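Subject: Structure handover

Hello,

Here is the structure I promised to pass on. My notes follow below it.

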Amino acid sequence: PATRSTTAMAGAAVNHILGLVLVLIDFALYLVTLGPLITLYRYLTAQTVFAKPVADADINKGGPPSKVWRSIDAIEDGKLEDGIAWFGGCHTAYEAFALAYSKFATNRAQGTRTLLEAKVESGYRFPTKMFGPTTWRTYAELGELAHAFGAGLRHLGIEPQPADAVSADHKGALV
């Protein structure tokens, strides 16, 4: 028994020494390949600002206006549209959805599957779930549900965003 523990201790010492040698080799390669300089360069040249305000929107019912923020990269790359119609002449997301609901009325839009069974098997942390076939909603059905949801919000007193809250320099922008 004493021989085994000595052998085990010797094996552990060899593993520790081997690990230390590998760490030293890794660090030496980091230094040789200019790792510290590359790390410093990336730190000093990293982007620190990702968005900036481009306009004010008066949507706070008498309170101070809210800033409209846009991605700096998207602004610089010219990816933000300025009042230009997109997707079939639409200027708002509502118009785009309404067009999609009518143009693709019979196409599949949203699929759901009914949970038939969730059984817990020994040795597994989470239950196995068995689902039924996919039931599809068409774009027309999804449009009806969206309109019903919007009507419910209006019934609760929630009003759409005022048209004057959207300034010309970001109208129609996709972010």
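Accessible areas come from the Shrake-Rupley method with a 1.4 Å probe, and for residues only the protein chains shown count as cover. On that basis, the accessible surface of the protein comes to about 14100 Å². Carbon and sulfur atoms hold 63% of that surface.

Some ground rules. This is a predicted model, in which local features need pLDDT of at least 70, side-chain atom pairs count only at pLDDT 80 or more, and totals for chains, interfaces and linings use all residues. Residues are numbered from 1 along each chain as its sequence is written, and side-chain values use heavy atoms, with hydrogens and water left out.

Confidence

pLDDT is the predictor's confidence in each residue, from 0 to 100. Its mean over the protein is 83. A value of 70 or more is reached by 83% of the residues. Among the elements, strand β4 (residues 128–138) has the highest mean, 95. Helix α3 (residues 72–76) has the lowest, 78. Treat residues 171–175 separately: pLDDT stays under 50 there. The model has 15 contacts beyond four places in sequence for that stretch, where contact means heavy atoms within 4.5 Å.

Layout

The protein has five helices and four strands. These are DSSP runs, numbered from the N terminus: helices are H or I with at least four residues, strands are E with at least two. Along the sequence the pattern reads α-α-β-β-α-α-β-β-α. Of the contacts between residues at least 6 apart in sequence, 42% join residues at least 24 apart. Buried residues make up 10% of the 175 residues. Buried means under 20% relative accessible area, exposed means over 50%, and partly exposed lies in between (1.4 Å probe, protein chains only).

Helix α5 spans residues 139–155, 17 residues in total. From first C-alpha to last it reaches 24 Å, close to the 24 Å expected at 1.5 Å a residue. That expected span is 1.5 Å times one less than the number of residues. Gly157 follows α5, with a positive phi near 100°.

Surface patch

Ile17, Leu18, Val21, Leu22, Ile25 and Leu29 make a nonpolar surface patch of about 570 Å². Leu22 lies in helix α1 (residues 2–32). Patches are made of residues with over 30% relative accessible area and no salt bridge; like charges are joined within 9 Å, nonpolar side chains (Val, Leu, Ile, Met, Phe, Trp, Tyr) within 5 Å.

Salt bridges

Side chains of opposite charge can pair when their charged atoms come close. The rule used here is a side-chain nitrogen of Lys or Arg within 4 Å of a carboxyl oxygen of Asp or Glu. The count comes to two.

- Lys67 and Asp56 meet at 3.1 Å, N to O. The pair links distant parts of the chain: Lys67 is in strand β2 (residues 66–71), Asp56 in strand β1 (residues 51–57), eleven residues apart. Lys67 is partly exposed at 49% relative accessibility. Asp56 is partly exposed at 42%.
- Arg154 and Glu159 meet at 3.5 Å, N to O. Arg154 is partly exposed at 47% relative accessibility.

Two residues to look at

Most residues other than glycine have a negative phi. Leu34 has a positive phi of about 60° although it is not a glycine. Leu34 is found in the loop between α1 and α2 (35–44). It counts as partly exposed, at 48% relative accessibility.

Phe50 is in the loop between α2 and β1. Its relative accessible area is 53%, so Phe50 is exposed. Not counting residues up to four places away in sequence, Phe50 touches Arg70, Ser71 and Ile72. Phe50 and Ala74 are 24 residues apart in sequence and 9.8 Å apart in space, C-alpha to C-alpha.

Best wishes
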